[in-house]
Amino acid sequence: MPKCLFRYQWVKLPRNHLPVGKGIMGYWAKLASRAAFRRGRAKYCGYTNDVMPGMWSGGVVGLKSILGVKRRTEALEIMNTLSRFGYIRYTLDEKTKKLEYVVTDWVVKCSGAECMSGAVYATDGYGFLCLPRNITQRLADQHYTFGESDAWLDLWCHTVWQETGNAFSCLAPAVQFGRLGAALTLEALGRRWGWEKTKVWRFFQKNGDAFVLHRLPGSYGCLIFNRLYPLDTEASLPTGAEIERIIEKMRICAGNAHIGGSDNARLNKMILWYSRRIIIMRTTDYAEQVSKNRVALSSPIIRAYISLCWNCQNCIYDCRGVSSRLRRIDANHIRGPCAYADFFLHSRNRKGEST
C-alpha cells in the first residue's frame, strides 16, 4: 500500500493484529475477521448455508468461540450491544439454534471477485480487514465511555501514511484526528474516550508495541505513530532531532505570520499549512544529496586530454617530445597556449601600438 491518505474511507487492519482488552470494538473486530469475504456456501456442523460478503452463519457454540466467551448469555449480550449501535444485524432461530450475523460496515469494494468454488471464510490470522475510518466516531458522538479495545481501534482507523497535510506522516504512519489534528494532547484524547489524563498515559505505556507517543516541548502536545501499520516499504520511527528539525522549518516558513490560538492549535495550523512545502524541501534536499554523493563506477583514469592552441597544429608529437617547424617546445611545459603562441600574440600587439 503506497499511501494511506486522510481522504481514504478505509484503512488496513491485519487479522493477526486485532485489538485486545475490554470494549465492544474488540468484539466487532473478531466478528468481522470471521465473516465471509465473498458470496458462497459455508458449512457448519453438517449444515450448508448460503452467505454473502460480511456474513457469518452457524450456531451459538461457534459464536462463543469467535468472541472468546464461555457463557451463552454473555455472547448474546455482546451481540445486542453491537446491534444497538448499528454495527451488526443478527438473527437466532430458537428451534434450530441457527445464528446468522451481518457486519453492516462492510467495505464491499474490498471483498474480492465472486466465484463458485473455494473457501468463503478467511483463514484465522491471515490477510487483513478493510476498516472504515469513521467506524468509532458514532461511539464518540454518543459520549460512550471507550474500552481499551475501543481506544486501540480508534487510533488505528485514524492512521495516515504520506499525507501531504502532515509532514510527520512521511516519516512513519501517524495518527491524525481531522485536518487540524496531527498534534494531539492527552486531555483531548481523554475527552473523546471519556477517560482521565492519567488513564490515557497508562494506555500508551501498555500498548507501546503498537502506538508510540512522542511528547513535544512545551504545550504543543504529542505525536502518535503506528508502528504496526502494514506498509510495502520498511519505515523506522523518527528521532527527536528529526521531529524538531521539521518543526523549526515550519517556523521559518511561517515567518512573521500571526497564528492565533493555543500552542497546540498554532502547531496544528503550521503542520497543515506548511507540510506540503516541507515535503518538497525534504525531497529536493535528498535529491541534491544523492547527486553530490554520486561516484562514477568505471575503470581507473590513467590519462587526461586537453585542447591544443592554434600553434600546436604546427607541432609534431612523438613519444620523446614535440618537434615544430617554427620553434621547438617541450610538451611537458604546455599549460594552455604554448610559449610560441604567447610570443607571437605579444609581438602583434606591439606592432599595432607602434602603427
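A residue is called buried here when its relative accessible area is under 20%, exposed when that area is over 50%, and partly exposed in between, with a 1.4 Å probe and protein chains only. The structure is a predicted model, in which local features need pLDDT of at least 70 and side-chain atom pairs count only at pLDDT 80 or more, while totals for chains, interfaces and linings use all residues. Residues are numbered from 1 along each chain as its sequence is written, and side-chain values use heavy atoms, with hydrogens and water left out.

The protein chain has 355 residues, of which 42% count as buried. It holds 10 helices and 13 strands; helices (H or I, at least four residues) and strands (E, at least two) are DSSP runs, numbered from the N terminus. A contact means heavy atoms within 4.5 Å. Among contacts between residues at least 6 apart in sequence, 61% join residues at least 24 apart.

The interior may be considered next. In soluble globular proteins, nonpolar side chains tend to be buried together. A nonpolar core is a set of buried Ala, Val, Leu, Ile, Met, Phe, Trp, Tyr and Cys residues joined through side-chain atoms within 4.5 Å. The largest such core has 57 residues, and W28, Y87, W193 and F204 touch the most other members. Helix α1 (residues 24-33) gives the most to this core, namely 6 residues.

Helix α1 is mostly covered, since 8 of its 10 residues are buried. These buried residues are I24, M25, G26, W28, A29, L31, A32 and S33. W193, for its part, touches Y144, T145, F146, A151, D154, L155, V200, F203 and F204, when residues up to four places away in sequence are not counted.

A search of the whole structure finds 1 cavity of 30 Å³ or more. On a 1 Å grid over the protein atoms alone, a cavity is a set of points where a 1.4 Å probe fits but cannot get out, and its lining residues have an atom within 4 Å of a point. The largest cavity contains about 40 Å³ of space, a volume being the space filled by probe spheres set on the points, which are joined across faces, edges and corners. Its lining consists of N166, F168, A174, V175, A182, L223, I224 and F225. Strands β9 (174-175) and β11 (222-226) are the elements that give two or more residues to this lining, and β11 provides the largest share, 3 residues.

The loop between α4 (137-141) and α5 (148-156) contains G147, which is buried at 14% relative accessibility. G147 touches K22, G23 and W195, not counting residues up to four places away in sequence. The C-alpha atoms of G147 and V20 are separated by 10.0 Å, although these residues are 127 apart along the chain.

H143 lies in the loop between α4 and α5 as well, but H143 is exposed, at 71% relative accessibility. Most residues other than glycine have a negative phi. H143, which is not a glycine, has a positive phi of about 55°. Q162 also has a positive phi, near 60°, and is a residue other than glycine. Q162 is found in the loop between β8 (159-160) and β9, and at 27% relative accessibility it is partly exposed.

Conventions
1 Å grid on protein atoms, 1.4 Å probe; cavity = no way out; pocket = protein on both sides within 12 Å on 5 of 7 lines; lining within 4 Å.
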